[in-house]
Amino acid sequence: MPSQPNNPHLPFGDQRTAPWYGKDIISVKQFNREDLEYVFAVAHEMRTMVERVGTFDLLKGKILANLFYEPSTRTSSSFTASMERLGGSVIPINEVKYSSVSKGESLPDTVRTLECYADVIVLRHPETGSAAIAAKAARKPVINAGDGVGEHPTQALLDAFTIREELGHLDGLTVTMLGDLKYGRTVHSLSRLLSLYKVKLNYVSPDILKMPQEVIDELNAKKMEQTESGDLAQVLPQTDVLYVTRVQKERFEDPAVYEKVKGAYVIDAAIMKAAKDRMIVMHPLPRVTEISMDFDEDPRAAYFRQMEYGLYVRMALLAMVLGKA
Ligand code: ASP
């Protein structure tokens, strides 16, 4: 949403002084450390409220348009659950093939349409930069729920919240990102977000799926400690957070190349014997074969708890951009 200090369209009764009121959430680059502490505090409050009362009326009467041009289970349903737990409602557009997009409608036009009916738009789209385009077209806040191989800021925020809730702090940790670091938008966002803390990042991937140089250069400029290798065994014993990713089949032009790298790493109970007792394994999910089910019962397997933290963070973000936090 372009900045409009005296926007006559702002609904009456909202807290216009709330710091994130009316803002888009497009990239983790919008957040500084203080903002993160704020998100964490609001998310923590949401957790307490959900545990205490389940659903409450903070966003009663507000409507979210959930616009998904790519498949989603967690992001889409957690935004829906977030809005409903806050007393609001949702226009779900999960299958754009049944909407006017299939008639050739442009993204800006679709967004301009939905904002006539909704107060906030959550968008997932296959093209990098699409969320920024939508935000420019819209007067209402747009939240990026994944733009191709670009960013997935709300995932990174919930990932950082997960680490904080599980390990108590972020400073001083060693985080190892494993798998498809080239196409995985979650690691592009999370590595940038972690640059706000004193974190050491290890990137472990097949050669053709390395972290983009652009991200590495950006973090080098911030003096972040980063290492790259293909060998997990070298870094696993020192790792506090192992962030596993799926090889992103849908991003490969040549299926034969995908076949070659898809099983490059598999985390299982045997491999995890080399890791610390107090550490966590995360995954944005869905997993395919990169974490064996034989590890699921291990207390260090945090990937199912991570999904629940996502609910609280998305509740916090909706309340923030709608001026209620
Ligand atoms: N759910 C995550 C995403 O949308 C990770 C994945 O699809 O592998 O980026």
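A search of the whole structure, which is a predicted model, finds 2 cavities of 30 Å³ or more, a cavity being a set of points, on a 1 Å grid over the protein atoms alone, where a 1.4 Å probe fits but cannot get out. Local features of the model need pLDDT of at least 70, side-chain atom pairs count only at pLDDT 80 or more, and totals for chains, interfaces and linings use all residues. Residues are numbered from 1 along each chain as its sequence is written, and side-chain values use heavy atoms, with hydrogens and water left out.

The second largest cavity holds about 60 Å³ of space, where a volume is the space filled by probe spheres set on grid points that are joined across faces, edges and corners. Its lining, made up of residues with an atom within 4 Å of a point, includes Leu 178, Gly 179, Val 244, Thr 245 and Glu 290. This lining divides into 6 nonpolar, 2 polar and 2 charged residues, with Ala, Val, Leu, Ile, Met, Phe, Trp, Tyr, Cys and Pro counted as nonpolar, Asp, Glu, Lys and Arg as charged, and the others, Gly among them, as polar.

The largest pocket (an open set of points with protein on both sides within 12 Å along at least five of seven lines) contains about 400 Å³ of space. It is lined by 21 residues, of which Arg 124, Arg 185, Arg 246, Leu 285 and Pro 286 are the closest to its centre. By class, 4 of the lining residues are nonpolar, 10 polar and 7 charged. Helix H2 (74-85) and helix H6 (185-194) each supply at least two residues of this lining; helices (H or I, at least four residues) and strands (E, at least two) are DSSP runs numbered from the N terminus.

The ligand sits in the largest pocket, in the sense that more than half of its atoms lie within 2 Å of the grid points. Among the residues around the ligand are His 152, Thr 186 and Pro 284, each with a heavy atom within 4 Å of it. Taken alone the ligand exposes 260 Å², of which the protein buries 91%, with areas from the Shrake-Rupley method and a 1.4 Å probe.

The peptide bond from Leu 285 to Pro 286 is cis, with omega near 10°, and Pro 286 is found in the loop between strand E9 (280-282) and helix H10 (303-321).
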